[in-house]
Amino acid sequence: KFGASSALFDGTTDAVSINDNTTLETMLGADFTLECFIKVNSGSGEIFNKFKTGSYDVLRVYQVGANIQVLMTTTGTSWTMNVTTSGLTAVNDGSWHHVAVVRSGTTVTIYVDGTAYGTTGTVSGALDNTTGAWGIGGIWDGSAVEVNYSVNGWIDEVRFSDVARYTGTFTPTTSVFDTVAMTLISEPQVALTAPDTAQVTLFKEDVDALTLNTDLIAWVSRS
């Protein structure tokens, strides 16, 4: 999508795996956003997956033919939420599409190219806590890629966020995601030698409401 390359998956035995970690596990207990760009020609495949041995993975974002299906469980024994897009142009048309799954409070919304499709899902509390790996473009069960669950196409610009980045219609990015997307909101300050007053410079994140030390950062010089 952007730059000179993207990840190509063969539709059969390809996946990128991420070992379980505390940061991602904590993210699943509150607001989050999972997003990427996909380019699929045919078939079906797992865009994002949080694996658990048995019948119910913690989370599945599944490109199933022309649509996107999202399944989540808080118990590990049944699907707490199972929703599929409807009314959208097929995502398996060989073109690039932005896909985002957003949890805001208890509401889960699927966005394709900046528009919400299908009914919203409802999830209360944390998702099932397991030590299983994350899979991108397929399912990694800890020792091998599960056959025939891989995306048949390309994935680019993957981003996991511990905030609900989108809560309504939006325009997907037209360039790579910034690693630091902050805007200066105070007057710039010139460094002083042995100052006798403090200087504060404020930056804010551009995507949502401000939260101190998360979306609003203050740099303070020594007084």
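Reply: Here is a walk through the charged pairs, with a word on confidence to begin.

What you see is a predicted model, where local features need a pLDDT of at least 70 and side-chain atom pairs count only at pLDDT 80 or more, while totals for chains, interfaces and linings use all residues. Residues are numbered from 1 along each chain as its sequence is written, and side-chain values use heavy atoms, leaving out hydrogens and water.

The pLDDT is the predictor's confidence in each residue, from 0 to 100. For the protein chain the average is 81, and 80% of the residues score at least 70. Residues 196-203 fall below 50, though this stretch still has 37 contacts in the model beyond near neighbours in sequence (a contact means heavy atoms within 4.5 Å).

Now for the pairs. Side chains of opposite charge can pair when their charged atoms come close. A salt bridge here is a side-chain nitrogen of Lys or Arg within 4 Å of a carboxyl oxygen of Asp or Glu, and by that rule the count is 5.

Start with K50 and D20, whose side chains meet at 3.4 Å, N to O. K50 sits in strand β4 (residues 44-50), and D20 lies 30 residues away in the loop between β2 (16-18) and α1 (22-27). Those labels come from DSSP runs, numbered from the N terminus: helices are H or I with at least four residues, strands are E with at least two. K50 is buried, at 0% relative accessible area, whereas D20 is partly exposed at 27%.

Next come E35 and R159, which meet at 2.9 Å, N to O. This bridge ties together distant parts of the chain, 124 residues apart: E35 is in strand β3 (residues 32-40) and R159 in strand β13 (residues 152-161). E35 is buried at 0% relative accessibility, and R159 counts as buried too, at 17%.

Finally, look at D128 and K52, with 2.8 Å from N to O. Here both partners are in loops, 76 residues apart: D128 between β11 (121-122) and β12 (134-136), K52 between β4 and β5 (59-64). D128 is buried at 10% relative accessibility, while K52 is partly exposed at 23%.

How values were computed: Buried < 20%, exposed > 50% of the residue type's maximum accessible area, 1.4 Å probe, protein only.
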